[in-house]
Amino acid sequence: MQSEVRVSSHEPIDYISKNIYGHFAEHLGRCIYGGLWVGDDDRVETEDGLRMDTVSLLRGLNMPVLRWPGGCFADDYHWEDGIGPRDERPRRRNLWWTQGRENVPEESNEFGTDEFLRLCQLLDTDPYIAVNVGSSTPQEALDWIEYCNYGGDTELADRRRENGQEEPYGVKYWGIGNENWGCGGRFAPDEYADEYRRFANYFNGFDKLMNEESTEFIACGHLTDDWNEVFFDSLNGGMEYGPGSFLGMGSPFNLMDHFSVHRYYQAGGDTDFTDEQYYKIFARAQKVGGDIDRAAETISQYVPEGEIGIIVDEWGVWHPEARSDNGLEQENTVRDALTTAGVLDLIHARADVVSMANIAQLVNVLQCLVQTDEEAAWRTPTYHVFDLYENHIGQTALETSVDTENRTIEGEDHDVPMVSASASEGDGELFVTASNRRHDEPESLTVDVGSSSYSVSTATVLFEGNDIREYSTKENAESFEASPLDVTDEGDGTVTFDAPPASVVGLTLTE
Ligand code: AHR
C-alpha cells in the first residue's frame, strides 16, 4: 500500500519543549524499590544505593524531567518520613497500590527526597515533585519546598545540609496534588479549586521570599470538560481580582503555570490481542489529542494563550494484566511502542500548548522504558521510540499531513490512520518520524518536505523483523534496536522508501 507524508517547512507550529520527553516514577511495585533503588544489595553495581545498570540505560534517554513520588502514592505521603539517617526512618503503610496483595509491601522510606534528588543529579534531569494535598496541609508542602530550595539559615535548610546537600536543590516543578478528583482526596472541582488556591498561595509566597520566579506550579485536571470548567470557574473563589485589588494580589490564575491531564488506554491483553484489538488501541491512544485540544479550549476561556501550559502528566498503555496485586507489571510489546510513536506525533502537533508530558512509568511498571531483575536491566521497545524521537527535542514542530488509508474501528470515536508522522526543523536539520501501523505488509512511503535544499543524511528503522506481540526480556532486548533503512532521495525534496510492517522510521535531512 502507498501513503504520502507532506511536511510544510514554512508552517511552524511551535518549539517542541524538551519536557515533552519527560518521565514518571512512583512508589509502586518495583519501580523505585528493586528498579531504581537497591540500597545495600550488592548483586548489582550501586552508587548511593541507586542501581547503576538502570541509571546507565536511563542516561541514554537524556531525560529532561522526572515526576515523583506519585501518582496516588503522593497524596498519602509525608516527606519527612523519608529524610535523615535511613535506619531511623519510620516504616509506613501507604494506602495505594497495596490492596489485594497478600504480603502488603509497606513503605520503608529508604528512598526519600535526598535519594530522589540524587537520582536526578545522576541523570541530569529536572525534578518534579507532587505534594500531598488530599491528606495533608499547605504547611507540610511549604516545609518541603523550604527543605529543598532554601539557601538561608533555617532549621529546614540546615537539616538538608546535615543530610548531605549544602546547596539548595532548586526543584523547579511542583505538582499540587494528583488526581484530586479520585485517590487524591475525592474533591469536587470547586473544593479542589479552594485547595489549589490555598496551596499555591503559599508556594507563591515562598517564591516571592526567594525573590525569584524559579518555581512552576501544576494543577491536576480531569478528563471531563465539566469538571475542569467548574474547577476554573471556582478558582477565583467569587472574588474580583486584579492589579491593586484584594491586598494587592493578582488573580489565582497567576498561581498556575501548568494544567495536567492523564490518559491510559488498552484493547485486549498485553500480548494476547486480536488483529481488531491491535488496531483498536491506536484509536484509543488517539484520544490524547482530543484531551489536549479540550483542555486548551477550557484554559483559553480564562487566561490569554500561552500563560498556562498543558501537561500530559501520565500517559501510556495500561493492560488488564497490570493489576494492583502484581505491582502494575505487564509485558511491553512492539504494539505498545508503536502507540507511543503515534502519541508523540499528536503531541508535536500541539507543541503550541503542551509544555510537558510524562509517560507512565519509568521502570518495571506499566509502559516502562527499562525493566530489571535482581541482576540485570534492559530496554523495552518503548525505550527505543523515545531514543529515536529524541532528535525532535529543541526543534520547531512543523505542520505535517498524511495521506493514508484510515481504518474504521467499530465502537471507537477515531479512525486509525495506517501511517502516523510528525516533523520538526532546527539548525539546518529537518527530522521526520513516520510509523507504518500495518502489521502484515510494508507501506510504500513518500515523504515530501517541500524543499529541494534538503537531502537525507540518515534513515533508521525500528522493529524491522519483530512481531507486534514480541515483548522485551533480558534475553531478547537487543533485537529491538534500530537499524539503517534503505531510502531513495529523489533530489527534489522527496524521499521514498518501504516502511516494514509495524515499524517506526526516523529520517534526518540536512540543508
Ligand atoms: O500510574 C498509576 C496510577 O494511575 C497513578 O498512581 C495514578 O495517578 C493514576 O490513576
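**Aromatic pairs**

Modeller: F273 is buried, its relative accessible area being 4%; buried means under 20% relative accessible area, with a 1.4 Å probe and protein chains only. This is a predicted model, in which local features need pLDDT of at least 70, side-chain atom pairs count only at pLDDT 80 or more, and totals for chains, interfaces and linings use all residues. Residues are numbered from 1 along each chain as its sequence is written, and side-chain values use heavy atoms, with hydrogens and water left out.

Colleague: What describes a pair of aromatic rings?

Modeller: The distance of the centres and the angle of the planes describe such a pair. Here, rings of Phe, Tyr and Trp (its six-membered ring) pair if their centres lie within 6.5 Å; planes under 30 degrees apart count as stacked, over 60 as edge-to-face and the rest as tilted. The count by this rule is 30 aromatic pairs. For W79 and W144, the ring centres are 6.1 Å apart and the planes stand at 5°, so the pair is stacked.

Colleague: Which parts of the chain does the pair of W79 and W144 link?

Modeller: Distant ones: W79 lies in the loop between β5 (65–68) and α2 (113–123), and W144 in helix α3 (residues 138–149), 65 residues apart. Helices (H or I, at least four residues) and strands (E, at least two) are DSSP runs, numbered from the N terminus. Both W79 and W144 are buried.

Colleague: Why is the pair of F273 and Y278 stacked?

Modeller: Their ring centres are 6.4 Å apart and their planes are at 25°, so the pair counts as stacked. Y278 is buried, with a relative accessible area of 0%.

Methods:
Buried < 20%, exposed > 50% of the residue type's maximum accessible area, 1.4 Å probe, protein only.
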